[in-house]
Amino acid sequence: MKRNALLACWLLSLLLLGADAQEVPGGAPRSKPGTVLVTGSNRGLGLELVRQYAAAGWSVIATARNVEGAAELQALARANPRVALETLDVADEASIHALAAKYDGRPIDVLVNNAGVLGDLEAQKLGALQYAEFERVMAVNVHGALAVADAFRDNVAASTQKKIVSITSRSGTISSPGYRGPYFYRASKIALNMVMRVLADDLRERGVIVALVAPYPTETDMLRALIGPDAAARQAKPSDSAAGLRRVIDGLTLENASSPLLADGKTLPW
C-alpha cells in the first residue's frame, strides 16, 4: 500500500511540475530577479529555495523559528549578501506582526509559505488521537500560512510579480482514494488549499496571484519520518524539487493559478 501511494504521489508531482522548463504553466520564461520571502528556510526545500533564488540574483528574506541554530542557513547568508535572515514563528501572531512591521512598505515579489509540520505520527493514529497535536498541526500548516499571507499582502501587491505561493501536496486532494496518510497532516493540507482558494478570490482585484504548488516527493526530514530513511533516499533531492517549484512559480498567472496545476493545462481535482 505504501509503495503504491508513493508511486501515485510521484507520478502526480511529475504532472504538476513538468519535466523541463518548457512545461512551465503558460510557457512563461524565467522571471527577472526580485525579492522573495521564504518561510521555514532552515532545512529541506526551504533552504534549497533560498540557495537557488539567491544564486539567481534574487534578494531573499529567509525566515526560521531558530535562525541562530540554523547552521547551513547561517553559512549560506555569510556567503551571499543577498540573503537576509529573519526570525519568524508562523504559529506566533506576535512574531508575524513584528516581521511585517520591519518590512512595512517593502515590495515582495514572491512570498513562499513553505513552513510546515508533519506532526507526531503516533498522535494521529486511531485509538490515540490527541487534540493538542491536531491544534498544533493546523496552527502551523493552515493558520500560519494564511496569517503570513495576510500580514504581507500589501508588500506583495506593491511588487512587480505579485505572487503568494503555498506548498501543498497530494495529501490535500480529497478525491485521491487509497492514500491514507496521517489524519491531522492531511486535514491541514485540505484546509490550506481552501483558505488559499478564498484568499485568491479576495486578492484578485489587486492583481495578486495566489497559488498552491506541490513538490516532488523529496528526501527531507518530513518524508524520512513518514516512509523511512531508505525509501526517502530513493526520492528526489531537494535541489531538484526546488528547481521544479521555481519553474512553476515563474509561470504562474492570474488565469492559471486558480487551482493546483497540471502540465497539460487541466486542474488537479480537489
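1. Basis. The model is predicted, with local features needing pLDDT of at least 70, side-chain atom pairs counting only at pLDDT 80 or more, and totals for chains, interfaces and linings using all residues. Residues are numbered from 1 along each chain as its sequence is written, and side-chain values use heavy atoms, without hydrogens or water.

2. α4 and α5, geometry. Helix α4 spans residues 93-102 and helix α5 residues 131-151. Helices are DSSP runs (H or I, at least four residues), numbered from the N terminus. The two axes come within 10 Å and cross at roughly 25°. Axes are lines fitted to C-alpha atoms over the stretch in contact, and angles run from 0 to 180 degrees between N-to-C directions. α4 and α5 are therefore roughly parallel (angles under 35 degrees). The crossing is right-handed (the near helix is turned clockwise from the far one by less than a right angle).

3. α4 and α5, contact. Glu93, Ile96 and Ala100 of α4 meet His143, Gly144, Ala147, Val148 and Ala151 of α5 (contact means heavy atoms within 4.5 Å). By class, five are nonpolar, two polar and one charged. Ala, Val, Leu, Ile, Met, Phe, Trp, Tyr, Cys and Pro count as nonpolar, Asp, Glu, Lys and Arg as charged, and the others, Gly among them, as polar.

4. α5 and α7. Helix α7 covers residues 183-203. Its axis comes within 9 Å of that of α5, crossing at roughly 20°. That makes α5 roughly parallel to α7. This crossing is right-handed. Contact residues include Phe134, Val137 and Leu146 of α5 and Phe184, Leu192 and Met196 of α7. The contact has 15 nonpolar, two polar and one charged residues.

Methods. Helices (H or I, at least four residues) and strands (E, at least two) are DSSP runs, numbered from the N terminus. Angles under 35 degrees count as roughly parallel, over 145 as roughly antiparallel, 65 to 115 as roughly perpendicular and the rest as oblique.
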